[in-house]
Amino acid sequence: MKYLKLRFFILTIVFALFWSVLNAQVTTLSGDYVHKVINSTENADYTKSLILLHEIYDGTLISDNYLVGTIAARRGSTSAGNRLNVANINSSSAYSSTYANLISNDEADYLWKLKTCRYNGKKYLALEVPYLAAYHQNGFQFVGWVKSSALSLEFVTYEKNGIAQNTSILKEITDFVPNRKISNHVSRFNVLGKVGIGTDDPQADLAVNGDILAKQIKVKTDITVPDYVFEPGYKMNTLEQIEEFVKTHKHLPEIPSAKEVAADGLDLAKMNLLLLKKMEEMTLQMIQMNKTLVKQTEELKQLKENRSMVR
């Protein structure tokens, strides 16, 4: 009986140690450089969650807090869709400032996002987990440098099945705007795919949701430059035909309407060439009008001279 009790006691200890290692193991690799299996036991389907990274400045000077490393979340098995989301984070908060940037490596349209929140009265920089209805069944792991004067790499659920969670201890979840820049000093920077600036769903090779400032923009195009307007035999609309078209359609022939531009955008290369064509046609019309004016002036001059001779 004593042997059985001792055996049961040893098995209990082994199981407790195994469970501790499985759910929240931190392996110190060197100093503050660690590997941690993040405890995500609250995670489930239809769950939205944060990972608390480290404490941040909250009006009182703070000691050195930082997290530099990679968090990976994984889902996948023979009965679950393949899903791998990876976040590379560079963040710090010390004295009276907080800086951070995030590189999100994901499939489809779901992204990691930086947040701030208040947890048990302390303010944290946090990472919002990319959301889909199906949760990351294989959990979360971190590798990198981390130091926090409070909690770090703590998994917290804030919504489940549309119902807010942990509202008594988790408050003030807001976006954190990244304020640490990344510079690439290279001879050539190649992107083999679509690039979005200000948008995470680019519909073209380069999509910019905002202003573009440049010293020079050169557009290469295979559209024919309309110098054919000056070729002999080129036929263009008369001013009367253009007037009739404008009255009916409220825009110039060949030029897209305001409705079309609003729906399809503006092709700068095509539009510039169309405007050039209209300018060339206008130039021809002005040349013709000038010839007519010169002829009429000469005729009027001759008429005045004839009248003078008659007197």
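Is Tyr228 buried, exposed or partly exposed? Tyr228 is partly exposed, because its relative accessible area is 34% (buried means under 20%, exposed over 50%, partly exposed in between, with a 1.4 Å probe and protein chains only).

This model is predicted: local features need pLDDT of at least 70, side-chain atom pairs count only at pLDDT 80 or more, and totals for chains, interfaces and linings use all residues. Residues are numbered from 1 along each chain as its sequence is written, and side-chain values use heavy atoms, with hydrogens and water left out.

**The sheet**

An open sheet is built from 6 strands. Their order is E1-E2-E9-E4-E5-E6, with antiparallel pairing. Strands (E, at least two residues) are DSSP runs, as are helices (H or I, at least four), and both are numbered from the N terminus. Two strands pair if DSSP finds at least two bridges between them. Strands of a sheet pair through backbone hydrogen bonds, either parallel or antiparallel.

At the edges are strand E1 (26-30) and strand E6 (97-105), and each pairs on one side only. On average, neighbouring strands of this sheet are turned by 15 degrees against each other, direction ignored. Axes here are lines fitted to C-alpha atoms, for helices over the stretch in contact, and angles run from 0 to 180 degrees between N-to-C directions.

Strand E4 (residues 62-77) is joined to E9 by 8 bridges, and the two run antiparallel. Thr70 has Val143 in E9 as its bridge partner.

**Aromatic rings**

The whole structure holds 4 aromatic pairs. Rings of Phe, Tyr and Trp (its six-membered ring) pair if their centres lie within 6.5 Å; planes under 30 degrees apart count as stacked, over 60 as edge-to-face and the rest as tilted. Two of the pairs, among them:

| Pair | Centre to centre | Angle between planes | Type |
|---|---|---|---|
| Phe140 and Phe155 | 5.2 Å | 45 degrees | tilted |
| Tyr228 and Tyr234 | 6.0 Å | 55 degrees | tilted |

Phe140 lies in strand E9 (residues 140-147) and Phe155 in strand E10 (residues 154-160). The two are 15 residues apart, and their pair links distant parts of the chain. Both Phe140 and Phe155 are buried. Tyr234 counts as partly exposed, because its relative accessibility is 26%.

**Charges over rings**

The charged end of Lys48 sits over the ring of Tyr131, 5.1 Å from its centre. Arg83 does likewise over the ring of Tyr110, at 4.8 Å from the centre. The test is NZ of Lys or CZ of Arg within 6 Å of the ring centre and within 35 degrees of the ring normal.

**A loop glycine**

Gly121 is found between strand E7 (113-119) and strand E8 (122-128), in the loop. Gly121 counts as exposed, because its relative accessibility is 52%.
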